[in-house]
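Colleague: Could you walk me through how to read a few features here?
Modeller: Gladly; let's take them one at a time.

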Amino acid sequence: MILPKRLFVVSLTAIMTWLVLASPPGAIAALAQDASSFIGEKNALKIPPLMKDENPGTNAMDITLRAMQGRTSFFGTEHYTKTLGYNGSYLGPAIKVERGQILHARVINELDDDTTLHWHGMKVEGQKDGGPHYPFAPGETWEVSFLVDQPAAILWFHPHPHGRTGRQVYMGLAGILIVEDDISRNLDLPGNYGKNDIPLVIQDKRFSRNGELVYLTHMMDTMHGMMGDVPVVNGTYNPYLEVEREMIRFRLVNGSNARVFDLFFENNRTFWQIASDGGFLSSPVQTRVLTLAPGERAEILVDFSSSQYGDRAILRSPEFEILACLVNNNEGAKQSSLPRDLTQIEPVDTSEVVRNRTFVLSGMGPMVSINGRQFDLDRIDEVVQLNDTEIWEIRNEMFQGGPMGGNMMRGMGRMDRMGGRGMPMARAMAHPFHIHGVQFRVIERDGSAPPINERGWKDTVLVYPYETVRVLVQFQKKGTFVYHCHILEHDDMGMMGSFVVE
Ligand code: C2O
Ligand code: CU
Ligand code: CU
C-alpha cells in the first residue's frame, strides 16, 4: 500500500472544516506541540529552482527548457510515479525576468507527443505566445525571444497542444515566471526567493493503488474536468514550510486542471492580497478567503512577526490541507511593514471602446461550446484591429434555453461568490475564461462593480452559472491567439475560440 490512509478521509476533513469555518475566530486554539511531531510524515515544500541566465552580461535572459519524461517520488522513495516536467521530472524551474529584458528561450520537445509552450499572462505576439496554433513535434526545438514589457507579476507557462493540454499539464508540465520591475523592487515587500517569497503551484491529483497518476477514468472527469483527491504543492505531497517570524509573501498559482480553490488559513487568520494575475493591486486587500480558479494567480502577505516559536498556520481549502507553515525561530521578530499603496492602476476608461463582443459559454462535458461552436484550429472566430480597445462580455448560460432552473442556479452562483465557501453545484458549472496575449480589467460582474480584489490586471476570470462578466481589453500585440475556458478538459473538448489581431 503506497497511499497513506488519510487520503480516504478527505470528506470527513471537509466536514470538519465547515465546522471550523462556522465557529468564531480563536475557538480552535493552537495547541503547543513539539515541532518534530507536527512535521511528522510531512515533506519539506519543494521550491522550484531559479533558472540561470546561460549567457550573462547581455540584456537577454537566455534559457533552455526541455519538456521531458521522468519519475517523481510523491510518497517516499519506495515508488517513483511516471510524470512529465521541464528540465526535471515534475513541473519546471522558475524563470525570473526584469521588465525591459529580452527573454530568449529554446524549448526542446523530448516527449513522444506534439507540444507547445504557452506564456500564460504575457503580452507577446501570437506566434511567440505558444498557443495551440504553434505545435512542435518530438525532437524539435522551438526558439522564441521577446521583450518583457509589462508590470511585475507572477505569470506561468504550460503546454497547449489542442486536445492534449489537460493531459500534459496534469502529468506535470508547468512552471512559474516572475516579472520584476522598478515598482516591485522599490516596495518594501518580502523578496528573498524561497525564504520569505514563496511560490505555491497548487494542484490536485488522483493516484492509482500502485501509485501512478490517473487521468480521465470517470465520466465525471470529462463532465466537470479532472479533479483529484490529493493536493500537491510545487509537486510536494503533504508539504510543510518553515518560516521565520516575519512577513511572508506567497505567490499562488492555481495549476490544477479543473478545481476552483477557496483558500484560507485555519483559525481564521487574516492575510492581504497584494496582486492578481497581471500584477499588483493598487493597495493591499485584507481578507480571510481567496478564491482562485484554474489559471488564476494571486500574491498574498501573511504576517508571522507576532507568532511564537512553534506556532503553526495551515493553509487549506474546504476539501484539503494545502500547506502547513511552522514558525521555526526563536529570535526577535523582524519588523514587517505593510505598504499602504502598491502601484498606480489607471482608472477604467471606456471612452476608447470601439466594439463590444459577446461570448456565450454553454454545455457540459463533450458538448461545451462558445457561441454555439467548438474550437477549430483552421477557423478564425474574431478579428481585432491592433491597439483597439474593446469590451468583451462573457456569459455563462450553461444550457442555452434549457429547462434547468436558471434563476436558482443564478442565485447559487451569486451566493457562492459572496460566501466563498464552495456551493458544489454552482462551482462545478463555473468557467474560468482566459484570453491570450493581453491583460484586461474586469469592469462588471452581473451588473455590479467587481469585488475589490478583481480591480487590478487580470487574464483569467471566473464566470459563475448564469452570470455575465464584462472585461475591458486593449489588444497591443499582433498575431493569432485563443480565448478559452481554463478548465483544461473543457479547453481540450473545444471550449475555445481563436482571434487574430491585425
Ligand atoms: Cu493558461 Cu490558454 O492558457
Ligand atoms: Cu494563457
Ligand atoms: Cu469550462
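**Burial and metal sites**

Modeller: Tyr464 is buried, with a relative accessible area of 4%. Keep in mind that this is a predicted model.

Colleague: Why does Tyr464 count as buried?

Modeller: Buried means under 20% relative accessible area, and Tyr464 has 4%, so Tyr464 counts as buried.

Colleague: Where in the chain is Tyr464 found?

Modeller: Tyr464 sits in the loop between strand E28 (460-463) and strand E29 (468-474). Its C-alpha is 9.7 Å from that of Asp446, and the two residues are 18 apart in sequence.

Colleague: Are His118 and His434 buried or exposed?

Modeller: Both are buried.

Colleague: And what coordinates the copper ion (ligand 3)?

Modeller: His431 (ND1), Cys485 (SG) and His490 (ND1) do, at 2.0 to 2.1 Å. Written as a sequence pattern, the donor residues of this copper ion are spaced H-x53-C-x4-H. His431 in strand E26 (residues 431-435) and His490 in helix H9 (residues 488-492) are 59 residues apart, a pair that links distant parts of the chain.

Colleague: How about burial for His431 and His490: buried or exposed?

Modeller: His431 is buried, as is His490.

Methods. Residues are numbered from 1 along each chain as its sequence is written. Chains are lettered from A and ligands numbered from 1 in the order in which they are written. This is a predicted model: local features need pLDDT of at least 70, side-chain atom pairs count only at pLDDT 80 or more; totals for chains, interfaces and linings use all residues. Side-chain values use heavy atoms; hydrogens and water are left out. Donors are N, O and S atoms within 2.8 Å of the metal (3.2 Å for Na, K and Ca); water is not among the atoms, so sites may look incomplete. Helices (H or I, at least four residues) and strands (E, at least two) are DSSP runs, numbered from the N terminus. Buried means under 20% relative accessible area, exposed over 50%, partly exposed in between (1.4 Å probe, protein chains only).
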